[in-house]
Amino acid sequence: MTSRPLNDDEVLSEMNKMVAFIKQEAMEKGREIRVKADEEFAIEKAKLVKQEQQAIDSQYEKKRKGAETAQKIAQSTLTNKSRLKLLHRREEHLQDLFSTARSAIVELAVDEGRYVQFLEGVIVQGLLQLLEPDVTVYARAKDEGAVEKAAEAAKKSYNDISGRDVEMSIEATLSDELAGGVKIISGTRRITVDNSLDERLRLLEDRLTRFALPDAA
């Protein structure tokens with residue numbers, strides 16, 4: 001069958017169909033482009049928002065750490081000042097105690113009755129530490145008489161406590177610069193018990209100093 005040429009109406013109809021098809025394709029392509037553009041925009045927007053949020057978080061964290069550091073420094077400074085003030089007051093208090101103790105020691109050595117009683121006590125204490133049959137008691141020259149009285153009483157007290165006898169010799173060779181008291185040396189001369197007032201004061205000061213030390217915390 002031989003085809004005939006299209007008339008004008010048919011040509012126009014075909015052209016309209018082609019235009020409609022092209023237009024439809026263009027619209028669908030446009031929608032695809034818009035959807036893809038919207039997706040890419042949303043992704044980029046989310047990325048930018050996340051980056052901005054991270055930057056804000058980083059700045060906040062930096063400021064927070066800076067504030068914490070400043071607070072710790074201020075607290076440390078305040079603590080150190082308080083500690084120094086406490087140490088200063090403690091030192092003043094200890095010096096007052098030491099001064100009082102030194103004065104009491106000087107007064108003790110002047111009061112003969114109390115001093116002889118004190119000497120008896122420290123001699124007995126030394127004898128009980130040594131537990132030897134003979135010892136030498138060293139004293140200041142000015143205390144020789146008081147030490148002799150105290151030694152006789154100490155012998156009896158020592159015997160009552162330990163059931164032992166002891167022979168004591170007295171050497172008045174300690175320096176007069178000492179505050180008083182005695183040093184007792186065993187018969188073998190290997191052991192010395194220092195019961196001088198100066199040594200007792202030193203031990204007291206050492207004990208008070210260690211007791212008064214604040215915690216390191």
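**Loops, strands, patches and salt bridges**

Student: In which loop is Arg 189 found?

Tutor: This is a predicted model, in which local features need pLDDT of at least 70 and side-chain atom pairs count only at pLDDT 80 or more, while totals for chains, interfaces and linings use all residues. Residues are numbered from 1 along each chain as its sequence is written, and side-chain values use heavy atoms, with hydrogens and water left out. Helices (H or I, at least four residues) and strands (E, at least two) are DSSP runs numbered from the N terminus, and on that basis Arg 189 is found in the loop between β3 (181-186) and β4 (192-196).

Student: What is the phi value of Arg 189 near, and what is its relative accessible area?

Tutor: Phi of Arg 189 is near 65°, which is a positive value in a residue other than glycine. Buried means under 20% relative accessible area, exposed over 50%, and partly exposed in between (1.4 Å probe, protein chains only). Arg 189 is partly exposed, so the two values are a phi near 65° and a relative accessible area of 49%.

Student: Which loop holds Leu 131, and what is its phi near?

Tutor: Leu 131 is partly exposed, with a relative accessible area of 38%. Its place is in the loop between α2 (112-130) and β1, and its phi, a positive value in a residue other than glycine, is near 50°.

Student: How many bridges join β1 to strand β2, and which residue of β2 does Tyr 138 stand opposite?

Tutor: Strand β1 (residues 134-140) is mostly covered, since six of its seven residues are buried. Two strands pair if DSSP finds at least two bridges between them, and β1 runs parallel to strand β2 (residues 167-174). The number of bridges that join them is six, and the residue in β2 opposite Tyr 138 is Glu 171.

Student: Is Glu 167 buried or exposed, and what separates its C-alpha atom from that of Ala 146?

Tutor: Glu 167 lies in strand β2, and it counts as exposed because its relative accessibility is 54%. Glu 167 and Ala 146 are 21 residues apart along the chain, and their C-alpha atoms are separated by 17 Å.

Student: Which helix gives the largest share of the negative patch?

Tutor: Patches are made of residues with over 30% relative accessible area and no salt bridge, like charges being joined within 9 Å and nonpolar side chains (Val, Leu, Ile, Met, Phe, Trp, Tyr) within 5 Å. Glu 144, Glu 148, Glu 152 and Glu 171 gather in a patch of negative charge on the surface. One of them, Glu 152, is found in helix α3 and is exposed, with a relative accessible area of 52%. The largest share, three residues, comes from helix α3 (residues 144-162).

Student: What accessible area do the residues of the nonpolar patch have together?

Tutor: Met 15, whose place is in helix α1 (residues 8-110), is partly exposed, with a relative accessible area of 46%. Accessible areas come from the Shrake-Rupley method with a 1.4 Å probe, and for residues only the protein chains shown count as cover. Leu 6, Val 11 and Met 15 form this patch on the surface, and their accessible area together is about 260 Å².

Student: How far apart are the closest N and O atoms of Arg 64 and Glu 68?

Tutor: A salt bridge is a side-chain nitrogen of Lys or Arg within 4 Å of a carboxyl oxygen of Asp or Glu, and a search of the whole structure finds seven. Arg 64 and Glu 68 both lie in helix α1, four residues apart, about one turn of the helix, and together with Glu 61 they are linked in a network of salt bridges. Arg 64 counts as partly exposed at 29% relative accessibility, as does Glu 68 at 34%. The closest N and O atoms of Arg 64 and Glu 68 are apart by 2.4 Å.

Student: Which residue forms a salt bridge with Glu 112?

Tutor: The closest N and O atoms of Glu 112 and its partner, Lys 149, are 3.1 Å apart. Glu 112 lies in helix α2 and Lys 149 in helix α3, so the pair ties together parts that are 37 residues apart in sequence.

Key:
Lys, Arg positive; Asp, Glu negative; His and termini not counted. Charge placed at Lys NZ, Arg CZ, Asp CG, Glu CD.
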